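Subject: Structure for you to look at

Dear colleague,

I am handing over the structure below, and after it you will find my notes. Please read them with the model open beside you.

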Amino acid sequence: MSSSYGLTYTGTIQGSREEMEKLPAVVRELAKKQATGLYNVDDYKESAEELASCAKQALESGGSLTFSFELYEDDSTHGIPENLLNCLDQALPGLAIFLYGSGGDIDGYPFYPTSYVSPPGKSALKLEMSSPFSRREDWGTCPFQNCQELTCLRFPDPYQKRWAIAAGDFKGCVNLTDIILPSSVTKIAKTAFKDCKSLTIHAKPESFAAAFAQERSIPLKLLN
């Protein structure tokens, strides 16, 4: 049986070592509790294991405690990514979760890319309140304003998506030291990183983000 729609959530999770160490056990416990009746047990476990594996790799890498992931949803897995990520956000509120969803239906009608942000300590995802089904936006935004807990962030690099970083999006993020921007970021307001005195931008050569960093005299590290 074919699916009537397909939806992909692409995201980045950042947290402390303690939170990353807890994450695999937390998502596996969520799978045990939530995969009853409403959700398919195997599908829920598969999504939980994807996050657990990513967290383990982040811990073993010895680098930044940040990982990117992708969860897919269709008729058979309807609601699983939303429930899992909402519950994780509530269980470990210290995590920073940056997420985007996009897809389309069987007739080719697109669900316009929509972004979601839960800064550390706020448990603000609430995916059931706003989804690509109900919102129609051409540009994603990243409202991390005044999030002093934020130290580094990797933007996901979605398909057929343009990111715009608006004025003041990172205003007051005084401890933000590193931000990794894909080539899909094609607009950055001049005051997007106001108060980010220790910021280094990581971007590919000849990308808009790299040119922005050079123009604004912000330290730049080029990506391969």
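Helix α4 (residues 208-215) lies across β9 (200-203) and β10, and runs at about 150° to β9. Here helices (H or I, at least four residues) and strands (E, at least two) are DSSP runs, numbered from the N terminus, while axes are lines fitted to C-alpha atoms, for helices over the stretch in contact, with angles running from 0 to 180 degrees between N-to-C directions. Please keep in mind that this is a predicted model, in which local features need pLDDT of at least 70 and side-chain atom pairs count only at pLDDT 80 or more, whereas totals for chains, interfaces and linings use all residues. Residues are numbered from 1 along each chain as its sequence is written, and side-chain values use heavy atoms, with hydrogens and water left out.

The strands β9 and β10 belong to an open sheet of 4 strands, ordered β5-β7-β9-β10 and paired in parallel; two strands count as a pair if DSSP finds at least two bridges between them. The edges of this sheet are β5 (152-154) and β10 (220-222), each of which pairs on one side only, and neighbouring strands are turned by 15° against each other on average, direction ignored. Between β5 and β7 (residues 178-180), which run parallel, there are 3 bridges, and R154 stands opposite I180 in β7.

L181 sits in the loop between β7 and β8 (185-188). This residue is buried, with a relative accessible area of 1%, where buried means under 20% relative accessible area, exposed over 50%, and partly exposed in between (1.4 Å probe, protein chains only). Leaving aside residues up to four places away in sequence, L181 touches F155, I165, I188, I201, H202, A203 and A209, contact meaning heavy atoms within 4.5 Å. L181 and L223 are 42 residues apart in sequence, and their C-alpha atoms are 9.5 Å apart in space.

Turning to another pair of helices, the axes of α1 (residues 17-34) and α2 (residues 41-61) come within 9 Å and cross at roughly 170°. That makes α1 roughly antiparallel to α2, since angles under 35 degrees count as roughly parallel, over 145 as roughly antiparallel, 65 to 115 as roughly perpendicular and the rest as oblique. Among the residues that make this contact are M20, L23 and V27 of α1 and A48, L51 and A55 of α2. K32, also found in helix α1, counts as exposed at 63% relative accessibility, and its C-alpha atom is separated by 8.8 Å from that of Y44, 12 residues apart along the chain.

In the largest nonpolar core, which has 34 residues, L23, L51, F67, F69 and L88 touch the most other members; such a core is a set of buried Ala, Val, Leu, Ile, Met, Phe, Trp, Tyr and Cys residues joined through side-chain atoms within 4.5 Å. Helix α2 gives the most to this core, with 8 residues. L51 itself touches L23, V27, F67, F69, L84, L85 and L88, not counting residues up to four places away in sequence. A second, separate core of 27 residues includes V117, C147, F170 and I188.

For the chain as a whole, there are 4 helices and 10 strands, and 51% of the 224 residues count as buried.

With best wishes
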